[in-house]
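Welcome! Please take a moment to look over the sequence and the model before reading on.

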Amino acid sequence: MDHLDGEENAELNRFTSTNGLISHTDRRWNIEWSATLDESRFSDELLKRAHKTSSPVTLLPADASAVHHEPLPSCSFTHHTLRDHSRLLGEIAFQLDRRILSHVFQEQSRLYGFTVQNIPDKIEQVSIHPLTGMADEAYKFQLLGRHMAIMDRLHTLGYNMSLHPPFSEFIVNTYGILKGAQEPAYTNPEFLRRVIVETAPSRLLKDLLLLLSCLCFMARLDGRSLFLW
């Protein structure tokens, strides 16, 4: 459904996606990868595979439970529900960013001012001891290890560090995030996939499905609900 206003449509044109090709025109990116995840096969195949990382930090508990699925409701939209469902697009992007940040900065109780794009800068910042002003090299190494490991894993799904963090920010700014009561179906991956297919402009479809795949992976990684409120 391609009915954004003029300003939003102009911003949308900065991001284009075709089979096997993603580009960001403002920075002249022209990034190719061989394959991205087929979302319909995600739960059955990807989540059952073992994943290797370059980090010594263990990320996946042996007894981590699968993502729990709520009963799948109808996804036929009316004018009244369309706006709320479009907010799910922004919520998916927001939840993925939040999940990545929480994974890297596990000791931080507040993540105000933290973004996926500024993770390297924030690692430098939080590894400085507030009293001595000296860097805690062991803690810094731990944070860098977490960051590298989770980016390695998400990269196997097609996540690109140069493109998808600004893309996620664009999606959140364009569609907003959920407000008010949350429906149980909002944490069902198949329902969210259908929302994306029926709601998103075609030019954003592939990358939004990729963000959802990455979010499903993060939920499987920590054994928690798809959305964290």
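This report looks at a helix, then at cysteines, and then at aromatic rings.

This is a predicted model, in which local features need pLDDT of at least 70 and side-chain atom pairs count only at pLDDT 80 or more, while totals for chains, interfaces and linings use all residues. Residues are numbered from 1 along each chain as its sequence is written, and side-chain values use heavy atoms, with hydrogens and water left out.

**The helix**

Let us begin with H7. Helices here are DSSP runs of H or I with at least four residues, numbered from the N terminus. Helix H7 covers residues 202-222, which makes 21 residues. From its first C-alpha to its last, H7 reaches 31 Å, close to the expected 30 Å; that expected span is 1.5 Å times one less than the number of residues.

Is H7 largely enclosed or open? A residue is called buried under 20% relative accessible area, exposed over 50%, and partly exposed in between, using a 1.4 Å probe and protein chains only. Because 16 of the 21 residues of H7 are buried, the helix is largely enclosed by the rest of the structure. Just after H7 comes glycine 223, with a positive phi of about 70 degrees.

**The cysteines**

How many disulfides are there? A disulfide is a pair of cysteine sulfur atoms within 2.5 Å, and by this rule the count is 0. Take cysteine 214: its closest cysteine sulfur belongs to cysteine 216 and is 9.3 Å away, too far for a bond. Cysteine 216 is likewise in no disulfide. Cysteine 214 is buried, at 0% relative accessibility, and cysteine 216 is buried too, at 1%.

**The aromatic rings**

Rings of Phe, Tyr and Trp (its six-membered ring) pair if their centres lie within 6.5 Å; planes under 30 degrees apart count as stacked, over 60 as edge-to-face, and the rest as tilted. The structure holds 2 aromatic pairs, and here they are:

| Pair | Centre to centre | Angle between planes | Type |
|---|---|---|---|
| Phenylalanine 105 and phenylalanine 114 | 4.9 Å | 75 degrees | edge-to-face |
| Tyrosine 186 and phenylalanine 191 | 6.3 Å | 20 degrees | stacked |

Phenylalanine 105 is buried at 1% relative accessibility, and phenylalanine 114 is buried at 11%.

A charge sits over a ring if NZ of Lys or CZ of Arg is within 6 Å of the ring centre and within 35 degrees of the ring normal. Lysine 122 lies over the face of phenylalanine 114, 5.0 Å from the ring centre.

Terms used
Helix = DSSP H or I, 4+ residues; strand = E, 2+ residues; numbered from the N terminus.
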